[in-house]
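The following note was prepared for a colleague who asked for a reading of the structure shown here. It is set out as numbered points.

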Amino acid sequence: MLTSFEQIRNQAASATKSRLVVADAAGESVIDALAQAAEMGIIEPILVGDEGKIAPLVDDMNLSGARIIHETDPVGIGKKCISLIRDGEGDMLMKGKLATPILMKAVLDKRNGLRKGKLLSHVAVVEVKGYPKLMAMTDGGIVILPDLSEKATLIRNATAVANAFGADVPKVACIAAIEKISEKQPETIHAVQLVKMAERGQLGKVVVEGPIAMDVLLSHEAAKVKGIQSDMTLDADIVLSPNIAVCNIFVKGLIYLAKAKVAGVVMGATCPIVLLSRADTAEVKLDSIALASIIK
Amino acid sequence: MKNFEALFERARSLSGKKISLAGAHEVDSLLAVERARAEGIADSILIGKTENIEVAAKEANIDLSKYEIIEEPNEKAISSTAVKAVKDGRADVLMKGLVSTADFMRAILRSESGLLKAKLLSHFTLFEIPAYPKLLGVTDAAINIAPTLMEKVTIIDNAVSVFHKLDIEEPKVACVCAVEKVNPKMPCTEDAAVLAGMSRAGQIRGAVVDGPFGLDNAVDPDAAKLKKLTGKVAGDADLILCPDIEVANVLYKTLAYLGGCDCAAIVVGTTAPVVLTSRADTDRSKFASISLGIAVS
C-alpha cells in the first residue's frame, strides 16, 4: 500500500517507463519537471509542439531521451497528441502550454478523442500529516455540481487511482455537513443512494459510506463523541465531495494551511491526463507525473 | 403472526371493545358487526336514523336489542356523530357503513373534532397468503396517490405502528420497485435507497427498512439469494411499501382477485383505527378488517 508521494515516485521509477505525450512543451517549468521525471526513470517524453522553441529548452534543461514532434498549429498539436495515444505510441497525456479548451476538445472528440466513460473528472491526491493514507479527493477541478449518476462515475474514475495505491477495494466516504439524511441537504440524499448502489454492486469493487461529516472522517475522538462507528475514520481511500467548491476549497486549505502535498490527475479518458496549473510548484508537477504513470 | 386465525384470537382476547358504525342502515355492515358480536370480537354502537336501521336489521334478521343506537336523523351529520363517539371514548374503532366516503373522511380529518394523529392518513392492508409463511402488509392502496419521500416515511411509520400492536417488534419493510438496483431514471429506486439509509441511520424507528427490491426478492429467499441480496429484509418482508397508489392497488387486487387471498384493511395515522370495508370484500375479509381494527385499538 502506497502511503506517500515518495513511495509513488519510487514505484514509478522502478516500473517500466511511461511514454508521456506533452501538448506544447515550450515552457521552462514544463521542461524542468519533465527533465526531473525522465532522470528518475519515470517517463520517456514525447514533446509535441514548435521544435524551434522546444529543442533549445530541452538542451538547456538537460532533458535527455526526448522525442520531439514538430507541429505549430494549436489545434494540430492537440490532434497529434491524441493520435499518438490512440495509435499506442504514448501511454499518458500531459498539458504543456497548449490552452486547456483546445486540448479538452481534442480529448472529448466523439470519434477521434480519448473518451472512455461518460465523464472526465479530476482527482486530487493528498498526503497530509494526521491522515495515515493517501486521500484521493474528487472532484475539485472539473465537474461542478454532479448529479447521482455523475457521482457514480466520479467514484469509478477515482477507484482506478486508489487501486494504483494498492487499495483493491477502496473505501469511499461521501462527505456532508452532517450524518443525518435530509432533503434540505441533497448531498446527504445522494450519499445514501450511493451507499445502496455500492451494496447492489453497481459501483464495482468499492465500499461506500455516507453521509459522513469531516470530523468523523478525520478523528476517532470526534466519531466516538458523536457515537458514530465508521469504517471510514482515518481509513477512507476516496473522499467524494458534494460539489466542486467543497473539494477545491478543502484541498487548497490543506495545501496552504496544513502544508499538505498534493498531486492531481484527470481520469475518465482512455489514459490518465496530467493537467497542471502554472501556480503548481515543481514538486507538484513531478508528483503528478509520477502519479499518472502508476495508474493502470 | 402466521394467519388470520391468530389475528381473530388476538382480537377476541381483548374484551370490552366497541365499534362505532357510521351509517348502520345497511344490511352488509350490520351483518359484519353482528358476526363480530357473535364471535366475541366486539359490540357495536349503531349511528344513523333509528327508523332506517330497524328496516335494515329486519332484512338482515338481526336482533337490535343487543345494540346501542345513537339517533342521528341528519344524514350529513352521521359521520361526525360516529367520530364523536370514538373521540368521547365510547367506542374504540370507527367503521364506515352507508355514508358517503367524502363526508366520512372529512369527519375524520376535521382538526378539532377529528381523529388525525400522524402527519397524514394512510391505508394499510394485511394479507393472508397461502404461499407466504406469515401475514404480509401492503401500503398504500387507497389514500396517498404519489407520496413524496417524507410522506413515505410517515406511511411506513403508520404501518409499523400496526405491527407493533400485533407484537411484531421490528417489522421488515421492503421498498418495492421494478428492480433492486438504484436507477435515477426510476425515482422510486432512489427513494427506496434513501429510506434504507434513513433506517440504518436510526431516522426511522421500530422497523428495519430496506430497498430497492423487486417484489420477487422481497418475498422469496431464493430470489434474494440469486441476486446476492443480503440484510434482514431480503426475501422475508413483513410489509411491502409500494411506490404509488397504482402499484399498491394493483398488488392488492391481484392478491385478492387472482390470488384468492383474504385481507384485512384499515386506515391508520388516526387516534383510533378506522375500518373501511367494501361491499366487494368477502365475508372473511370484512371480519378480518374488523378484527384487525380491534386488535390494534
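This is a predicted model: local features need pLDDT of at least 70, side-chain atom pairs count only at pLDDT 80 or more; totals for chains, interfaces and linings use all residues.

1. In chain A, 52% of the 296 residues count as buried. In chain A, 70% of the contacts with a separation of 6 or more are accounted for by residues 24 or more positions apart.

2. The secondary structure of chain A consists of 11 helices and 11 strands. Its radius of gyration is 19 Å, close to the 19 Å given by the globule rule for 296 residues, so chain A is as compact as a globular protein of that length. Along the principal axes, the C-alpha trace of chain A spans about 65 × 40 × 30 Å.

3. Chain B likewise comes to 11 helices and 11 strands. The globule rule gives 19 Å for 297 residues and the radius of gyration of chain B is 19 Å, close to that value, so this chain is as compact as a globular protein of its length. The C-alpha atoms of chain B fill a box of roughly 60 × 40 × 30 Å along the principal axes. Of its 297 residues, 52% count as buried. Among contacts in chain B between residues at least 6 apart in sequence, those joining residues at least 24 apart make up 68%.

4. As to confidence, chain B has a mean pLDDT of 96, and 100% of its residues reach 70 or more. For the complex, the predictor gives an ipTM of 0.85 and a pTM of 0.90.

5. The sheet of chain B deserves attention. It is an open sheet of 11 strands with mixed pairing, in the order E3-E2-E1-E4-E11-E10-E5-E6-E9-E7-E8. Strand E3 (68-71) and E8 of chain B stand at its edges with a single partner strand each, so one side of each is left without a neighbour in the sheet. Within the sheet, strand E5 (residues 122-128) and strand E6 (residues 136-139) of chain B pair in the antiparallel sense over 3 bridges. B:Phe127 has B:Leu136, in E6(B), as its bridge partner.

6. Helix H2 (residues 27-38) of chain B lies across two strands of that chain, E1 (18-22) and E2 (43-48). The helix runs at about 175 degrees to E1(B).

7. Which residues of H7(B) are buried? Helix H7 of chain B has 12 of its 14 residues buried and is thus mostly covered; among the buried ones are B:Cys188, B:Glu190, B:Asp191, B:Leu195 and B:Met198. The cover over the buried residues of H7(B) includes helix H6 (149-165), strand E7 (172-177) and strand E8 (208-214) of chain B, together with helix H7 (186-199) of chain A.

8. The length of this helix can be checked. At 1.5 Å a residue, the 14 residues of helix H7 (residues 187-200) of chain B should span 20 Å, and the end C-alpha atoms are 20 Å apart, which agrees. H7(B) is followed by B:Gly202, which has a positive phi near 80 degrees.

9. The contact between the chains takes 14 residues from chain A and 14 residues from chain B. On the side of chain A that touches chain B, helix H6 (148-164) and H7 of chain A each supply at least two residues. H7(A) gives the most to that side, with 6 residues. H7 of chain A is also listed among the elements covering the buried residues of H7(B).

How values were computed. Residues are numbered from 1 along each chain as its sequence is written. Chains are lettered from A and ligands numbered from 1 in the order in which they are written. Helices (H or I, at least four residues) and strands (E, at least two) are DSSP runs, numbered from the N terminus. The radius of gyration is taken over C-alpha atoms; the globule rule is 2.2 Å times the number of residues to the power 0.38. A residue is buried if 20 or more other C-beta atoms lie within 10 Å of its own, exposed if 12 or fewer, and partly exposed in between; C-beta atoms are placed from the backbone. Two residues are in contact if their C-beta atoms, placed from the backbone, lie within 7 Å. The expected span of a helix is 1.5 Å times one less than its number of residues. Two strands pair if DSSP finds at least two bridges between them. Axes are lines fitted to C-alpha atoms, for helices over the stretch in contact, and angles run from 0 to 180 degrees between N-to-C directions. pLDDT is the predictor's confidence in each residue, from 0 to 100.
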